[in-house]
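The exercises below concern a single protein model. Please inspect the sequence and the structure before working through each solution.

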Amino acid sequence: MTASAEWTARDASTVWHPFTQHANWTEDRPVVVDRAEGPWLIDVDGRRYLDGVSSLWTTTLGHGHPDINAAITAQLAKLDHSTFLGTTHTPGIELSEALIDLAPKSDGPPLTKVFYAGDGSSAVEAALKIAYQYSTQTGRSRPKFVRLDHAYHGDTLGAVAVGGHDLFHQAYKPLLLDTIGVSSPGDRALGADRYAVALADLRAVMEASGDQVCAIIVEPMIQGAAGMLDYDADYLRTARELADAHGALLIFDEVATGFGRTGKMWAAEHAGVVPDLLTCGKGITGGYLPLSAVLAAEHVYEAFLTRPGDTAPRTFFHGHTYTANPLCCAAALANLRVMGEQDVVGQAVRLGERLTKLLEPVGAKDGVVEIRQLGTMIGVEVAPVGERTGFAVCQAARERGVWLRPLGDTVVLMPPLTLGDDETDLLVNALTEAVDEVV
Ligand code: PLP
């Protein structure tokens, strides 16, 4: 028995994994990761896999970066944890300053305040509560959110309510907030004029119910978990106009797209639009420690400040034990420093362009329906040949030393932004051979 098989058996007896059908778990042979170096995962039997999805779209600089490791270790020697309730600390303050400095800019109101959370879902959860409470504290209760079909904003109940991914969300429908779903401009099923259809839908909804809506929430430019459904930047400009016209806030969920992933620091920059609330997570620490944040515009923050004559507190009653954990903040600061010093966004642009070129022949294959890409967010949709075709392609790539994950029949490529040329070749070659073998 291999070490991997032994650990898998032990795993199966006590562990319940996320988003996982355990009836297949053992036969799917999970990789039992022992260690990692740069873009490589190494299992307990010493087998190496190129990590083509950056863990879960997070390890943007690869694993074991010496600067991030050193920053965490130095912080650990100084302050491991201290609540953000009633006390503050220097890494939390410095990181807020750095995030506000980096935040997308336009002619409109800038993002000026940072509220920390622990993961993407909890950042979205905080943003939703902020948006609703903002409405009650600036006029009247607006209990509805507008959300896109196929959206994914996380798995806590608020985040699920603004999601539109049937596979993940359908089961929880009776528990959810009442939201208004609108067509997605990235939805290929709407046909070639999907953008016009989606815009008309959003306009109609805002005209009919805009005064009930506290916020429109979108994944800007590309719906990741939906299978990398990219869409036109104009949609975001119109969403901004409609939100303003109807007194609703605009929330950009940049949990997947932030920190260089799309070839800009923020996907918002592709459209030149700044939202009122921006959620981010994943790449914020380079994937080393769990952290996320909500960036808020000043007018949103100000609505939470006590005013003379108030009869109810305006406080945002929300937060967690580990909010702004100093180790996480130190990791994020080191990540942002490295990103700046090594022009990681520029590296992401070059990697994206190289992948576009290398993937061209893959896109021309009969078994490939479409390749969708924005920077280094890529979905290769394959034609189904039986059940779990996307998964079968990933397993075939794995046999060739490349670790990939599917979203249905879309194989996701989201490598570290700093991936070298040789590894990029390996990634595409393995995918090409896997597609040839399976579809
Ligand atoms: N929002 C978006 C756009 C995401 O892609 C994800 C995760 O993939 C989330 C939120 C949830 O983040 P987390 O898994 O860290 O809770």
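**Exercise 1.** Are H8 and H9 roughly parallel or roughly antiparallel to each other?

*Solution.* The model is a predicted one, in which local features need pLDDT of at least 70 and side-chain atom pairs count only at pLDDT 80 or more, while totals for chains, interfaces and linings use all residues. Residue numbers start from 1 along each chain as its sequence is written.

Step 1. Two packed helices are described by the angle and the distance between their axes. For helix H8 (residues 194-209) and helix H9 (residues 233-245), the axes come within 11 Å and cross at roughly 10 degrees. Axes are lines fitted to C-alpha atoms, for helices over the stretch in contact, and angles between N-to-C directions run from 0 to 180 degrees. Helices (H or I, at least four residues) and strands (E, at least two) are DSSP runs numbered from the N terminus.

Step 2. Angles under 35 degrees count as roughly parallel, over 145 as roughly antiparallel, 65 to 115 as roughly perpendicular and the rest as oblique. H8 and H9 are therefore roughly parallel to each other.

Step 3. On the H8 side, the contact (C-beta atoms, placed from the backbone, within 7 Å) is made by Tyr195, Ala198, Leu199, Leu202, Arg203 and Met206. H9 contributes Tyr235, Thr238, Ala239 and Leu242. These residues divide into eight nonpolar, one polar and one charged. In this scheme, Ala, Val, Leu, Ile, Met, Phe, Trp, Tyr, Cys and Pro count as nonpolar, Asp, Glu, Lys and Arg as charged, and the others, Gly among them, as polar.

**Exercise 2.** Describe the shell around the ligand.

*Solution.* Step 1. The ligand is surrounded by 14 residues, each with its C-beta atom, placed from the backbone, within 6 Å of it. The closest are Asp119, Gly120, Ser121, Gly154 and Val255.

Step 1. Helix H5 (residues 120-137) gives the most to this shell, namely three residues. By class, the shell divides into five nonpolar, six polar and three charged residues.

**Exercise 3.** In what order do the four strands of the open antiparallel sheet lie?

*Solution.* Step 1. The order is E13-E14-E17-E16, with antiparallel pairing; two strands pair if DSSP finds at least two bridges between them. Strands E13 (368-374) and E16 (405-407) are the edges, each pairing on one side only. From one strand to the next, the twist averages 25 degrees.

Step 1. Six bridges pair E13 with strand E14 (residues 377-382) in the antiparallel sense, and Arg372 stands opposite Gly379 in E14.

Step 2. Helix H14 (residues 389-399) lies across E14, E16 and strand E17 (410-413), and runs at about 165 degrees to E16.

**Exercise 4.** Which element supplies the largest share of the side of domain 1 that touches domain 2?

*Solution.* Step 1. The domain assignment, which is automatic or from a database, gives domain 1 (31-64 + 344-438) and domain 2 (70-341). Their C-alpha centres lie 27 Å apart.

Step 1. The contact takes 25 residues from domain 1 and 23 residues from domain 2. Helix H2 (54-57), helix H13 (344-363), E13, E14 and E17 each supply at least two residues of the domain 1 side.

Step 2. The largest share, five residues, comes from H13. The residues of the domain 1 side divide into twelve nonpolar, eleven polar and two charged.

Note on methods:
Contact = placed C-beta atoms within 7 Å.
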